[in-house]
Amino acid sequence: MGIIGDSLNRAAAATFTRPIPASAGAQVRFLVKHEKGSTRVVAQRLGVSQRTVERYLTGQIKKPRPDLADRLMTEVRRDWQPMVRKRARKQAATATGITVETRARFGFTAAPGTTDDGRIRLITQHLPPVYADRLFTAQEAGAGEQELQNVVAEGLQEVYFKDGGRRANDLLVEFTDIDYLDTDYA
């Protein structure tokens, strides 16, 4: 996905109220149940044969290859507790907002005589619900990493750099070279 999309997915996983199934067999059983008993659909999602899925269900195979284990965990996370995830996103998008912690290069376009050289900054900032809503809407619409990055950059520009409109009104922030980014809305 990308740095920001992965961070939003990790934040969603932090809202789960029950642990994700740990064993490969339990994960496959969950996926089969989620797909209304269709081992063929689960096999297509995982990129394996239908017979392999059936072997996990019967316990003939217990430990998946590392690449299959990653795909299996990704698919289970995608479907695990959708109502809990939806409720947490709605809360963040309407009331609580989202916290962004990042280390990235920030450059500026501002009035003449000011420096526009980008530099690495570590920023932890709470963004209001409107930016959380825009992030979630863009992610659900299948937006690319650059679009998600633009939403975060605009939020940081308005809240952190412009201090909610109290300073640097003509400032435009460039958000590049993301070292890491972590979000939280739980």
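Helices here are DSSP runs of H or I with at least four residues, strands are E runs of at least two, and both are numbered from the N terminus.

A word on the model: it is predicted, so to speak, with local features needing pLDDT of at least 70 and side-chain atom pairs counting only at pLDDT 80 or more, while totals for chains, interfaces and linings use all residues. Residues are numbered from 1 along each chain as its sequence is written, and side-chain values use heavy atoms, leaving out hydrogens and water.

Is Thr183 buried or exposed? It counts as buried, because its relative accessibility is 5%; buried means under 20% relative accessible area, exposed over 50%, and partly exposed in between, with a 1.4 Å probe and protein chains only. Leaving aside residues up to four places away in sequence, Thr183 touches Ser7, Leu8, Ala11, Ile98, Thr99 and Val100, where a contact means heavy atoms within 4.5 Å. Thr183 and Ala12 are 171 residues apart along the chain, yet their C-alpha atoms are separated by 9.4 Å.

Now for the whole protein. There are eight helices and three strands, and from the N terminus they run α-α-α-α-α-α-β-β-α-α-β. The protein is more spread out than a compact globule, because its radius of gyration is 21 Å, well over the 16 Å that the globule rule gives for 186 residues. That radius is taken over C-alpha atoms, and the rule is 2.2 Å times the number of residues to the power 0.38. Along the principal axes, the C-alpha atoms fill a box of roughly 70 × 30 × 25 Å. Of the contacts with a separation of 6 or more, 68% join residues 24 or more positions apart, and 41% of the 186 residues count as buried.

What about the inside? A nonpolar core is a set of buried Ala, Val, Leu, Ile, Met, Phe, Trp, Tyr and Cys residues joined through side-chain atoms within 4.5 Å. The largest one has 32 residues, and Phe106 and Phe175 touch the most other members.

| Element | Residues |
|---|---|
| Helix 1 | 3-13 |
| Helix 6 | 82-96 |
| Strand 1 | 98-109 |
| Strand 2 | 119-127 |
| Helix 7 | 129-140 |
| Helix 8 | 145-161 |
| Strand 3 | 172-184 |

Helix 8 gives the largest share of this core, six residues. A second, separate core of 16 residues includes Phe30, Leu31, Val48 and Leu72.
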